[in-house]
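Some notes on helix packing and aromatic contacts follow. Please read them with the model open.

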Amino acid sequence: MHTLQAVITGAIQGLSEFLPVSSSAHIVFSNELYEIITKTKLAVDSVNQEEIFFDIMVHLATLFAVVIYFFKDLKNIFSNFFKALKEKDYKNDNFKLVNYIALATIITGVIGLLIKNKVEQLIQNPELICIFLFGTGMILLYSERKYKGSEKIDLKKTILIAIAQGLAVFPGFSRSGLTISTALFQGMDRVEAARFSFLMSIPVILLASLIYPLIELDFTQIATFNLKAIILGFLTSFVVGYFCIKYFMQLLGKISLKSFGYYCLAISLIMFFVFQLCHHA
């Protein structure tokens, strides 16, 4: 992995992980464009192992970003959760929130395991990813037509949002886009929907970053990786991710998701035709 490629990918991961535009799609697009422009392609085995490790690191970077941004919020949630647990106050909002996040994690994990093999095959098809991203754009636009902004999170909403998060494993389906849109479909406020989406991403990213390497990664090859590039990619992803969350949360109180929906439609169509021309030239 080249240093420039790592920094670009880290920036894209940090920016698109929390914006409703699909980080997986943008990483595939950037890698495909990098190979087309530079006319370089590493050996398959080397790419797989190093890219698996790099993918883990940039996802951990965005995990750290969301934990640091919501640190006070998380501290308050868990202190109230344990207090409610001690007092057997099971109607406490924070007690229910922790349980909703736990349930969402389980549902997402089950869906992810069931479709894991299919997802890995799709990553090799950037044109199909463009179609999924186009679908994300349509969902974002339609969710704004149904927007009410008054309902709070509950068990039914959690289950549906968790299913959306599980389906977002497909590259091109934005995790934040699908989860926030599903919340809006059910009448939730944009800011609260985004807050729940980001909070429920923490255990999912953490578990994926721990379990996936144990299954796929050959740790004996780490010494052969470009660690400088990976570290720079990690730092870039963290910094960009933190500021992305900060300003996205501020923007959601003022703007709708329509602009992100139109962006997904536009970039998916542009990339589809670019890949069609380059791959079939």
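Are phenylalanine 81 and phenylalanine 95 buried or exposed? Phenylalanine 81 is buried, and phenylalanine 95 is buried too; buried means under 20% relative accessible area, exposed over 50%, and partly exposed in between (1.4 Å probe, protein chains only).

1. This is a predicted model, in which local features need pLDDT of at least 70 and side-chain atom pairs count only at pLDDT 80 or more, while totals for chains, interfaces and linings use all residues. Residues are numbered from 1 along each chain as its sequence is written, and side-chain values use heavy atoms, with hydrogens and water left out.

2. The structure holds 19 aromatic pairs (rings of Phe, Tyr and Trp, the last by its six-membered ring, with centres within 6.5 Å; planes under 30 degrees apart are stacked, over 60 edge-to-face, the rest tilted). The rings of phenylalanine 81 and phenylalanine 95 have centres 5.2 Å apart and planes at 10°, so this pair is stacked. Phenylalanine 81 lies in helix H4 and phenylalanine 95 in helix H5 (residues 93–122), so the pair ties together parts that are 14 residues apart in sequence.

Technical notes: Helices (H or I, at least four residues) and strands (E, at least two) are DSSP runs, numbered from the N terminus.
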